[in-house]
Amino acid sequence: LKDESVKKYVYDFKEIKVALHKIGIEINGLTSDLLLAGYLLDSSLKNDVVSIMNYFNIDVGVKTGSLDLLASGIDYDFIAKCAYYVIYLKEKIDSELKKVEALDLYQKIELPLALVLSDMEIEGFPLDKDELVTIGETFKEKLDNITKDIYKTVGFEFNIASPKQVADTLFNKLKLVGNKNNSTSVEVLEAMKEDHPVIKKILEHRKYAKLISTYVDALAEHIHEDGKIHAMFNQALTTTGRLSSSEPNLQNISVRDEEGRLIRKAFHYPNNEYQILSLDYSQIELRVLAALAKSKALIDVFEADRDIHTETAKKTLKLDREPNASERRKAKAVNFGIVYGISEFGLAEDLGISRLEAREIINNFYEAYPEVGEFLRDVVSSAEKNNYVKTYFNRRRYLREFHDQSYQVREFAKRAAMNAPIQGTAADIIKIAMINVSKMLKEKKYKSQLVLQIHDELIFKVYKDEKDQLIKDITKVMEGIDFPIKLKVSTGIGDTWYEAK
């Protein structure tokens, strides 16, 4: 298993490597991975061995027992069939990947990435349980105070965690104007928050309740004996090519508000020999959009290191001066909205402006960057015709929803068609960066390690005596990826994840 020259044909190498590591066995020589091949051929396939075998018209039967080799009732016949067909399908896999121009993506990105991710899962990320509990106690105290404040404001007690009782309180007892379904979703309450002082307090209550349940309590359950969490990185799950994490999901720790960011204070190494380093691609999706659309004006902004939101504010709001904070915020919403196929209605909602004003801002954007509009129209047109879109690196996302009877489903397909090549290309870039950085760390014999990936950000365990040269080397690798536009990373370092980012 350890011998690199002995070729390994597998289903889900990453899981195999991590599992074997737990019992002290090393595995090398990854040659073919059916899970990753199936994912590249159609990212909407179910993430299980039977579905992927069925894709290749192979019937391995139905799994009747456990696949856990340490459990009783093992389905040996099923395991044997899967093992046989994994190697039997090798040539067909390569042939099918070649047909969809994804063989390079498979061999040069996804297979090497599986090795990087398994090393990250094995290494883990430190989480101080005592500190997490202390943060949680602060949140619980605030939650108690908000609860008392809510009861005092309305003059009676009710279950604030129950949407039904919140609806009864707001629409029946307080006689506020409700909606058709008497919904108390965050969006509804946000729109109503000026109608009564209790609504803002209910939103605050929900925020702290979520912080406690989703982060404080849930994260504590995942701390291992080594004082670390060993989250799983899902390489073959999202339809866009992005990585996701689970058990626990570290990608959803909020950075939008200070309370959410506070959770990051509990992530730190107990030994002061190490720090946490964060390197984050700056506005990667907007850079990708500029490159894919071949938009000269957008490319010039990035190549000259000018602020994209300031430039867009000047162009979309027709300013002959520097924009103020509010104007720059509008431009930022437009820039990121375009990436996600935003409508004038959506922009009007986001910015609290009229649809007429939103339409004018969007029209001004396309006037300033005409190639972007042309690119997005071409992408949608191609997707309608071919049922898929692809990234710069030929990753496909199939969009069969274009032919659905539902208007809403077809509109979703249009927005997904606009966004998938951009988000997918950004995902491919960060994957290439992870592979190249990991290779560089080994070649230069650094003790520091890549330990986490959060969307466009890479996080490292850093030995203090290596950090100055390390930052230069990692920055050079991440910015040096072969892509038609200049890539830029920002750096943060600190004793905790909070300080680093």
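How do the residues of the lining of the largest cavity divide into nonpolar, polar and charged? They divide into five nonpolar, three polar and two charged, where Ala, Val, Leu, Ile, Met, Phe, Trp, Tyr, Cys and Pro count as nonpolar, Asp, Glu, Lys and Arg as charged, and the others, Gly among them, as polar. This is a predicted model, in which local features need pLDDT of at least 70 and side-chain atom pairs count only at pLDDT 80 or more, while totals for chains, interfaces and linings use all residues. Residues are numbered from 1 along each chain as its sequence is written, and side-chain values use heavy atoms, with hydrogens and water left out.

**Confidence**
- The chain averages a pLDDT (the predictor's confidence in each residue, from 0 to 100) of 93, and 98% of the residues score at least 70.
- Confidence is lowest in helix 16 (residues 344-351), with a mean of 86, and highest in helix 6 (residues 103-123), with 98; helices (H or I, at least four residues) and strands (E, at least two) are DSSP runs numbered from the N terminus.

- Four strands form an open antiparallel sheet in the order 10-11-7-12, two strands being paired if DSSP finds at least two bridges between them.
- Strand 10 (449-454) and strand 12 (489-494) are the edge strands, each pairing on one side only.
- Neighbouring strands of this sheet are turned by 25° against each other on average, direction ignored.
- Helix 6 packs on the sheet by touching strand 10 and strand 11 (457-463), and its direction makes about 100° with that of strand 10; contact means heavy atoms within 4.5 Å, and axes are lines fitted to C-alpha atoms, for helices over the stretch in contact, with angles from 0 to 180 degrees between N-to-C directions.
- Strand 7 (residues 274-281) pairs with strand 12 in the antiparallel sense over six bridges, and Tyr-281 has Val-489 of strand 12 as its bridge partner.

**Cavities**
- The count comes to four cavities of 30 Å³ or more, a cavity being a set of points, on a 1 Å grid over the protein atoms alone, where a 1.4 Å probe fits but cannot get out.
- The largest cavity has a volume of about 50 Å³, a volume being the space filled by probe spheres set on the points, which are joined across faces, edges and corners.
- Helix 2 (residues 34-41) gives the most to this lining, with three residues, and the lining residues (those with an atom within 4 Å of a point) include Leu-35, Asp-42 and Ala-236.

**Backbone details**
- The peptide bond from Glu-247 to Pro-248 is cis, with omega near 0°, and Pro-248 lies in the loop between strand 6 (244-246) and helix 11 (258-262).
- Glu-101, in the loop between helix 5 (90-99) and helix 6, has a phi near 60°, a positive value in a residue other than glycine.

Terms used: 1 Å grid on protein atoms, 1.4 Å probe; cavity = no way out; pocket = protein on both sides within 12 Å on 5 of 7 lines; lining within 4 Å.
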